[in-house]
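Thanks for making time this morning; I would like to walk you through one structure and a few of its packing details.

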Amino acid sequence: MIFKNIVKLIFASIIVVVSTSTAIAQVSPAKLFIDAPQSRFPFLSKMKRMDMVDYFTGGINRASENLLGGKSRILELTPDYIKVELVEGGITTTSLIPVTYGKDSLIVVVSNVATPAPDGMVSFYTIDWEQIDTKQFFVEPTFDEWLQKGVDKTLRNDLRDAIPFVMAEYSFDPQSKILTLKQTAEQYLPKADYDKVKNHMLSEIKYRWTGKKMVKIKS
């Protein structure tokens, strides 16, 4: 009797795992892109987004005209995520990555804008595209978190004068669930200022999605 109960428990656990995996697998990045509200992609109609997915999956290397008169295209599309170039030339890109969140799923949206150096952000949505307060899941690093260990107060203030704000390119790996922020100071600071800060700042900061939030990985 005890053995049968153990078998039942194991079988029930397998069903739960399989059901959860199936539910997550059914969240298609392509469908999320197509079904996104117009407010999320104001320059791309739903029909245009459908065409973009068809072009990419059909192996057609064709950009689509957006409502600004520019070009947009899908750069990458896998069962795990989709990356879209909203403005041709890498000026604006957005990636949609569904992730598990308890028994549900969330959409992690990673966006980068060239200003002219890449500067990114991450936001979170339910599968039905209801936006969630980012601070529930991720807190952007402070200036001091970008500094190498051992920087004293005087040097810290000098660095702050040279780089009043830190811009960073964001990327999220759907396999490892790691969000990487790579600072782009070299691309927007005058050379003299960059030479002051380059040896005292971290090149990147990483966070791991735990299933509940983004947790900073200790360097």
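Leaving aside neighbours within four places in sequence, which residues is M214 in contact with? Before I answer, note that this is a predicted model, in which local features need pLDDT of at least 70 and side-chain atom pairs count only at pLDDT 80 or more, while totals for chains, interfaces and linings use all residues. Residues are numbered from 1 along each chain as its sequence is written, and side-chain values use heavy atoms, with hydrogens and water left out.

With contact taken as heavy atoms within 4.5 Å, M214 touches V108, F124, F137, F138, F172, L179, Y207, R208 and W209. M214 also belongs, with F138 and L179, to the residues that touch the most other members of the largest nonpolar core, which has 32 residues. By such a core I mean buried Ala, Val, Leu, Ile, Met, Phe, Trp, Tyr and Cys residues joined through side-chain atoms within 4.5 Å, where buried is under 20% relative accessible area with a 1.4 Å probe, protein chains only. A second, separate core holds 19 residues, including I34, A36, M52 and I82.

Let me turn to R49, which sits in helix 3, a helix being a DSSP run of H or I with at least four residues. R49 is buried but has no salt bridge, and the nearest side chain of opposite charge, D35, is 6.8 Å away; a salt bridge would require a Lys or Arg side-chain nitrogen within 4 Å of an Asp or Glu carboxyl oxygen. Beyond its neighbours within four places in sequence, R49 contacts F33, I34, D35, A36, P37, Q38, F41 and L44.

Definitions and conventions
Buried means under 20% relative accessible area, exposed over 50%, partly exposed in between (1.4 Å probe, protein chains only). Helices (H or I, at least four residues) and strands (E, at least two) are DSSP runs, numbered from the N terminus. Lys and Arg count as positive and Asp and Glu as negative; His and the chain ends are not counted.
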